[in-house]
Amino acid sequence: MTESRINSLFALEPLTTVDTPALHAFLASNKEEFHRFFPITLVQNETIEASENFIQNKSEQIKLRTEFTFALKTNKTVVGLVILKNLNWELRRGEIAYCIDKDYQGRGWITRAVKDTSVFAFNDLALKTLEIIVHEQNKASVRVAEKCEYEWKKTLLKAHTPPKEEPLDMELYERSYEK
């Protein structure tokens, strides 16, 4: 999926430097929503120049196959991100993380994008197991995992520490490749 996956509503494709202003605007306008679970991404995109560097780094990671960051776009506007990360090629495992603009929530776009990314990970990258890690109070994210056929496996104790907060327990969902 290093090229676009396009349906009638949005495109899911790797970020390019053309996306710099749109990525920066997307993250800046969703800062309040993303500060707990995407603090590093926010810090890495605080300025237009930082967003350009972020995109260049993400492009290099795709080339090296260490991480795959895809933009969810409509009319050339970045409205979400889907990230295939924490890749372990020996165990054939990876993790999917995602976020979407507050004004585009509830449309099923992230569910469709996670499904497409899962297919890419299983078919094109030959991964065997994918994980989604969510906080139990993020009901929308839990629904995405479940709609994408990920099964709850266990609670990860103190797995994520948001800025200026105590560590949070997170829920691990997994999906395995089936032939």
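Asn 86 counts as exposed, at 52% relative accessibility, where exposed means over 50% relative accessible area, buried under 20% and partly exposed in between (1.4 Å probe, protein chains only). Asn 86 lies in strand 4; strands (E, at least two residues) and helices (H or I, at least four) are DSSP runs, numbered from the N terminus. The phi of Asn 86 is positive, near 50 degrees, in a residue other than glycine.

The model is predicted, so that local features need pLDDT of at least 70 and side-chain atom pairs count only at pLDDT 80 or more, while totals for chains, interfaces and linings use all residues. Residues are numbered from 1 along each chain as its sequence is written, and side-chain values use heavy atoms, with hydrogens and water left out.

**Loop residues**

Asn 75 also has a positive phi, of about 50 degrees, although it is not a glycine. Asn 75 sits in the loop between strand 3 (68-74) and strand 4 (77-88) and counts as exposed at 73% relative accessibility. Lys 164 belongs to the loop between strand 7 (151-160) and strand 8. Lys 164 is exposed, with a relative accessible area of 90%. Between Lys 164 and Arg 36 there are 128 residues in sequence, and 9.3 Å in space from C-alpha to C-alpha.

| Residue | Location | Relative accessible area |
|---|---|---|
| His 24 | helix 1 | 17% |
| Asn 75 | loop between strand 3 and strand 4 | 73% |
| Asn 86 | strand 4 | 52% |
| Lys 164 | loop between strand 7 and strand 8 | 90% |

**Helix 1 and helix 4**

Two packed helices are described by the angle between their axes and the distance between the axes. Helix 1 (residues 20-29) packs with helix 4 (residues 48-64) at an angle of about 110 degrees, and their axes are 9 Å apart. The axes are lines fitted to C-alpha atoms, for helices over the stretch in contact, and the angles run from 0 to 180 degrees between N-to-C directions. Helix 1 and helix 4 are therefore roughly perpendicular to each other, the term for 65 to 115 degrees; under 35 counts as roughly parallel, over 145 as roughly antiparallel and the rest as oblique.

From helix 1, Thr 20, Pro 21, Leu 23 and His 24 meet Ile 48, Ser 51, Glu 52, Phe 54 and Ile 55 of helix 4, contact meaning heavy atoms within 4.5 Å. By class, the residues of this contact are five nonpolar, three polar and one charged. Here Ala, Val, Leu, Ile, Met, Phe, Trp, Tyr, Cys and Pro count as nonpolar, Asp, Glu, Lys and Arg as charged, and the others, Gly among them, as polar.

His 24 is buried, with a relative accessible area of 17%. Apart from neighbours within four places in sequence, His 24 is in contact with Asn 45, Glu 46, Thr 47, Ile 48 and Ser 51. Thr 20, Ala 22, Leu 23, Phe 26 and Leu 27 are among the other buried residues of helix 1. Against the buried residues of helix 1 pack helix 2 (31-34), helix 3 (39-43), helix 4, strand 4 and strand 5.

**Helix 6**

In helix 6 (residues 139-147), Ser 141, Val 142, Val 144 and Ala 145 are buried. They cover an arc of only 155 degrees around the axis, which puts them on the same side of helix 6; the arc is that of the directions from the helix axis to the C-beta atoms. Their cover includes strand 5 (93-100), helix 5 (109-124), strand 6 (129-134) and strand 8 (168-176). Exposed Lys 139 and Lys 147 are carried on the face turned away from the buried side of helix 6. After helix 6 comes Glu 149, whose phi is positive, near 70 degrees.
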